[in-house]
Amino acid sequence: PTVGTVGLRCRHCAHLPEKPRGAVIYPKSLSQIYQAVRNFQRFHFFSCAEIPDDVKEKMRSFGPKKEQSKRKCAEYWIQSSRDVLGLVDIEENVNEHGSSKGSKG
């Protein structure tokens, strides 16, 4: 990733020199943030030895929810990333607002 690229990482194992699978993710566009978070939940969260058991239990307690459309969830992540965090898509990846002249908006 280049300077200014937005990434997601596990705060619990960020200090480890060797990161477990799925601990760091660099989505290539705003539309991929939702899937990146889902992948983190599915492939990293419950297998990360650094996440305390009480945190994992709290996550399990939420259980399956009423099925929401993937499209609505994805739209929520895109809009929040753009409006709340100020992220924008550029040609190569997701970037902080204003850090590249080649932003697509």
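Colleague: Why does Ser 81 count as buried?

Modeller: In this predicted model, Ser 81 has a relative accessibility of 3%, and since buried means under 20%, Ser 81 is counted as buried. The residue is found in helix H3, which covers residues 70-83, and, leaving aside residues up to four places away in sequence, Ser 81 touches Leu 30, Ile 33, Gly 86 and Leu 87.

Colleague: Why does His 44 count as buried?

Modeller: The reasoning rests on the cut-off of under 20% for buried residues, because the relative accessibility of His 44 is 1%. His 44 has its place in helix H1, residues 33-44, and, with residues up to four places away in sequence not counted, its contacts include Cys 10, Cys 13, Pro 20 and Ala 23.

Colleague: What makes up the largest nonpolar core?

Modeller: That core has nine residues, namely Cys 10, Cys 13, Ala 23, Ile 25, Ala 36, Phe 40, Phe 45, Cys 48 and Ile 51. Apart from it lies another core, of six residues, including Val 6, Ile 33, Val 37 and Ile 78.

Colleague: Which element gives the most to the lining of the second largest pocket?

Modeller: H1 does, with four residues, while strand E1 (8-9) and H1 each supply at least two. The space in this pocket is about 230 Å³, and by class its lining has eight nonpolar, two polar and two charged residues.

Technical notes. Residues numbered from 1 in each chain as written. Predicted model: local features only at pLDDT ≥ 70, side-chain atom pairs only at ≥ 80, totals over all residues. Heavy atoms only, no water. Core = buried A, V, L, I, M, F, W, Y, C linked by side-chain atoms within 4.5 Å. Buried < 20%, exposed > 50% of the residue type's maximum accessible area, 1.4 Å probe, protein only. Contact = heavy atoms within 4.5 Å. 1 Å grid on protein atoms, 1.4 Å probe; cavity = no way out; pocket = protein on both sides within 12 Å on 5 of 7 lines; lining within 4 Å. Points joined across faces, edges and corners; volume = space filled by probe spheres on them. Nonpolar A, V, L, I, M, F, W, Y, C, P; charged D, E, K, R; others polar.
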